[in-house]
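Subject: Handover of a structure

Dear colleague,

Please find below the structure that I am passing on to you.

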Amino acid sequence: MAKPAEKMDAVFQRPETLIDTNFHFCPGCNHGNVHKLVAETLDEYGVAGKTIGVAGVGCCVFLYNYLNIDVLEAPHGRACAEATGVKRVHKDKIVFTYQGDGDLAAIGMAETVHAANRGENFTVIFVNNSLYGMTGGQMAPTTLLGQKTTTSPYGRSHEGDGYPIRMAEMLATLEGPSFVARVACDTPAHIVKARQAIRKAFKMQIDNMGFSFVEILSACPTNWRLDALTSQKKLQEEMVPYFPLGIFKERSTADYL
Amino acid sequence: MSDTTQQPQRQMMKGNVAIAEGALHAGCRYYFGYPITPQNDIPEYLSAELPKCGGTFVQAESEIASINMVLGASAAGARCMTSSSGPGISLMQEGISYLAGSELPAVIVYVSRIGPGLGGIAPTQGDYKQVTSGGGHGDYYSIVLAPSSVQEMFSLVQTCFDLADKYRNPAILLTDAILGQMKEPVIVGPRPEPKAQDKPWALTGNQGRSKNLIKSLFLGDGEMEVQNWKLVEKYNRLKAEDTMAEELWMDDAEFIIVAFGSCSRMVESSIRLARAQGLKVGLIRPITLFPFPEKLIYERTASIAKVLVVEMNTGQMVKDVKVNTHKNADVFFYGRPGGGMPTPEDILEKIKEFY
């Protein structure tokens, strides 16, 4: 018979905003990490009760199943336009979009770039896993050169398919954004940095500094046809060299010019 | 138009401006739009007026972005509006479908231009079919109102907001360049303060209540069928409670003309000519194009056996008239598409041909 547990102090617990349920995400996918980091951040700032999330289309659409906040489901690619509408009405609330790379970097490129350029005061959580996950692993604007997907069966070629788009670097060239970073969730050390970046992004919004953007590199083991551990290795060895981690823009004053 | 007097005043106003001012009277304080002729007076007027009354004007990067900003503002609980014309409205169809699917109120002003394609900016009623059949993907309808005077541009845009909120459904004000660019006397009172809207479903943050969710994705077995039937119930209620039409010269009419919007104004002139010649012609003018005044058409055609539908297109509303006409009546059509406008004399000739 096991020894009765002695009374212990809770030093770590599930974020209050993260609903106690199983994720539908595949084993080894980093969406779960990102959901948790967002929930932790909202709890830390005590803003979950005045937060409105905007979910993109794809694996990210079920945000409302996992976070205990108000959520709007946006049409494919349009989350930054929806968030603009929501935030213009509720200037005192916290608004964020949660989008994948097909959603944000292909069909939603215009909405993303212009919301960033207007300096809309909301936060974008951008999960880049290099392909369209939910629809079955098709090529995305972020698919690496040579990467095989269901619509690039011979590997992505720059001839015809173009080059993978680095969203964080591109948005950092604009005057509107206050904070632009790329992080990953492949190792505990990187998760710590990802948490810092997400916290910083929401802090920028709380301080009315304007558009903040965090790109999180994620593995997609199912569509990469790899097991969980090998896909994290692939993320480190193939994605990170092309999509370098770091902070690309951080503004200290609200009016840049 | 900042009106400081307390009494309603009669003033000359352009149709498009009357729509914009009507929206402000309805308490709309959020406008998202993209330039396109012939509706630019609306964003131009609102870009000047909204900041003065604490409102928000955003010139979006496209009509796609405009309608999605509207969706976001509506989900946040605000009365909001966009306006556009043919190509822009085509781009908005995805968003309008999502508004209907997510059961969100919004007002879309449609100042038509001739099509298809880039077409031209002349007046047309060629978009009747697009707006009354839903327009985007899926089994849904938008509420559609069609004014025929500048005064009605001012009042019906307000009705659009009320109906959109009542049914949590997008409402379209369909008009054209004739009415949009025309100045007429309009009676306008002082702009009232916006009324607080009771929208417990709106996204405001879940402090002190359970979370709200606005979505149109229903993947559960049978869920979407339930949702579709729910929408049908709403459209049936709309049909029963809020169908609107105007009847003129119908008391002794032996011959009916059905026409809407700017075209009905031309028909009115032709009926005056016909009446002067002893022809007893009456007018039914649908004000709501969806819901269409089906019952009224059926009842009137039970005793009046001839109906002429006059439209500025190749024959779109005539199909709705035909399916609702009593079996004893004949339906005729006269249309001018592509910017062609019938003169009262042209219509009189058709009245005589079919009378």
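The notes below set out what was found in it.

This is a predicted model, in which local features need pLDDT of at least 70 and side-chain atom pairs count only at pLDDT 80 or more, while totals for chains, interfaces and linings use all residues. Residues are numbered from 1 along each chain as its sequence is written, and chains are lettered from A and ligands numbered from 1 in the order in which they are written.

Chain A

Chain A contains 10 helices and nine strands; helices (H or I, at least four residues) and strands (E, at least two) are DSSP runs, numbered from the N terminus. Its radius of gyration is 18 Å, close to the 18 Å given by the globule rule for 257 residues, so chain A is as compact as a globular protein of that length. That radius is taken over C-alpha atoms, and the rule is 2.2 Å times the number of residues to the power 0.38. Of the 257 residues in chain A, 55% are buried, meaning that 20 or more other C-beta atoms, placed from the backbone, lie within 10 Å of the residue's own.

Domains of chain B

For chain B, the domain assignment gives domain 1 (9-199 + 232-237) and domain 2 (245-354); such bounds come from an automatic or database assignment. The C-alpha centres of these two domains of chain B lie 26 Å apart. Their contact takes 24 residues from domain 1 of chain B and 21 residues from domain 2 of chain B, where two residues are in contact if their C-beta atoms, placed from the backbone, lie within 7 Å. On the side of domain 1 of chain B that touches domain 2 of chain B, H5(B) gives the most, with four residues.

Between the chains

The contact between the chains takes 28 residues from chain A and 32 residues from chain B. On the side of chain A that touches chain B, the largest share, eight residues, comes from H3(A). By class, that side of chain A has 13 nonpolar, seven polar and eight charged residues; Ala, Val, Leu, Ile, Met, Phe, Trp, Tyr, Cys and Pro count as nonpolar, Asp, Glu, Lys and Arg as charged, and the others, Gly among them, as polar.

S2(A) and strand S9 (residues 213-214) of chain B run parallel and are joined by two bridges; strands pair if DSSP finds at least two bridges between them. Within S9(B), B:Leu213 is the bridge partner of A:Val71.

Technical notes: A residue is buried if 20 or more other C-beta atoms lie within 10 Å of its own, exposed if 12 or fewer, and partly exposed in between; C-beta atoms are placed from the backbone.
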